[in-house]
Amino acid sequence: MSQSYNRGLVEDFGRWKEFSAGMWAWIFHKFTGWMLIGYLFTHIAVLSSSLTGPEAYTNTIGGLESLFIVRVLEVGLLAVAVFHILNGLRLLMVDLGVGLEAQDKSFYASLVLTAIITVASVPTFLDGVTL
């Protein structure tokens with residue numbers, strides 16, 4: 001049975017301390033989904049530079065890839081995408097009835113796997129960048 005929460009006149013912003021792993025999984029999944037949608041628009045904007053010619057596209061990509069902040073943002077994009085994928089697989093399993101009793105553990109496992117994959121990929125992303 002679900003719990004009801006009487007918000008009253010003012011929202012209680014200290015309530016985040018009461019969130020369970022399921023609520024954090026939902027929040028992170030929504031956040032990462034919105035971040036991926038935001039990246040999609042950036043991706044389209046960069047690809048649209050190819051409409052003026054291959055040189056413009058090559059210069060755009062070369063200029064972006066030489067920036068340290070772009071490389072850091074790429075690592076962040078990897079973390080967002082990996083978590084969204086792993087949590088989506090976790091949700092698929094839950095919807096299929098697999099691992100219903102271990103939802104918290106599978107959420108934490110997806111966080112740990114995301115961290116491991118992201119940290120292991122940092123040297124690859126930062127290879128050849130100039131500060």
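Okay, let's start at Leu 111: leaving aside residues up to four places away in sequence, Leu 111 touches Phe 28 and Phe 83. Just so everyone knows, what we have up on the screen is a predicted model.

Leu 111 lies in helix 4. Is Leu 111 buried or partly exposed? With a relative accessible area of 31%, it's partly exposed, because the cut-off for buried is under 20%. Also, have a look across to Ala 25: its C-alpha atom is separated from that of Leu 111 by 9.4 Å, and those two residues are 86 apart along the chain.

How many aromatic pairs does the structure hold? There are 5 of them. Take Phe 28 and Phe 107: the ring centres are 6.2 Å apart and the planes sit at 35 degrees, so we call that pair tilted. Phe 28 lies in helix 1, residues 21-47, and Phe 107 is in helix 4, so this pair ties together parts that are 79 residues apart in sequence. As for cover, Phe 28 is partly exposed at 32% relative accessible area, while Phe 107 is buried, at 3%.

Phe 107 also pairs with Phe 83, and that one is edge-to-face: 6.3 Å centre to centre, with 85 degrees between the planes. Here Phe 83 lies in helix 3 and Phe 107 in helix 4, so the parts tied together are 24 residues apart in sequence. Phe 83 and Phe 107 are both buried. Zoom out a bit and you get one aromatic cluster, formed by Trp 24, Phe 28, Phe 83, Phe 107 and Tyr 108.

Asn 87 is in helix 3, residues 68-95. What does Asn 87 touch, not counting residues up to four places away in sequence? The list is Ala 25, His 29, Phe 107 and Ser 110. Asn 87 has a relative accessible area of 1%, so it counts as buried.

Last stop, the surface. There's a nonpolar patch made of Ile 85, Leu 89, Leu 92, Met 93, Leu 96 and Val 98, and together they have about 570 Å² of accessible area. Val 98 sits in the loop between helix 3 and helix 4, the latter being 103-126. At 47% relative accessibility, Val 98 is partly exposed.

That's my tour; happy to go back to any of these on the screen.

How values were computed. Residues are numbered from 1 along each chain as its sequence is written. This is a predicted model: local features need pLDDT of at least 70, side-chain atom pairs count only at pLDDT 80 or more; totals for chains, interfaces and linings use all residues. Side-chain values use heavy atoms; hydrogens and water are left out. Helices (H or I, at least four residues) and strands (E, at least two) are DSSP runs, numbered from the N terminus. Buried means under 20% relative accessible area, exposed over 50%, partly exposed in between (1.4 Å probe, protein chains only). Contact means heavy atoms within 4.5 Å. Patches are made of residues with over 30% relative accessible area and no salt bridge: like charges are joined within 9 Å, nonpolar side chains (Val, Leu, Ile, Met, Phe, Trp, Tyr) within 5 Å. Accessible areas come from the Shrake-Rupley method with a 1.4 Å probe; for residues, only the protein chains shown count as cover. A salt bridge is a side-chain nitrogen of Lys or Arg within 4 Å of a carboxyl oxygen of Asp or Glu. Rings of Phe, Tyr and Trp (its six-membered ring) pair if their centres lie within 6.5 Å; planes under 30 degrees apart count as stacked, over 60 as edge-to-face and the rest as tilted.
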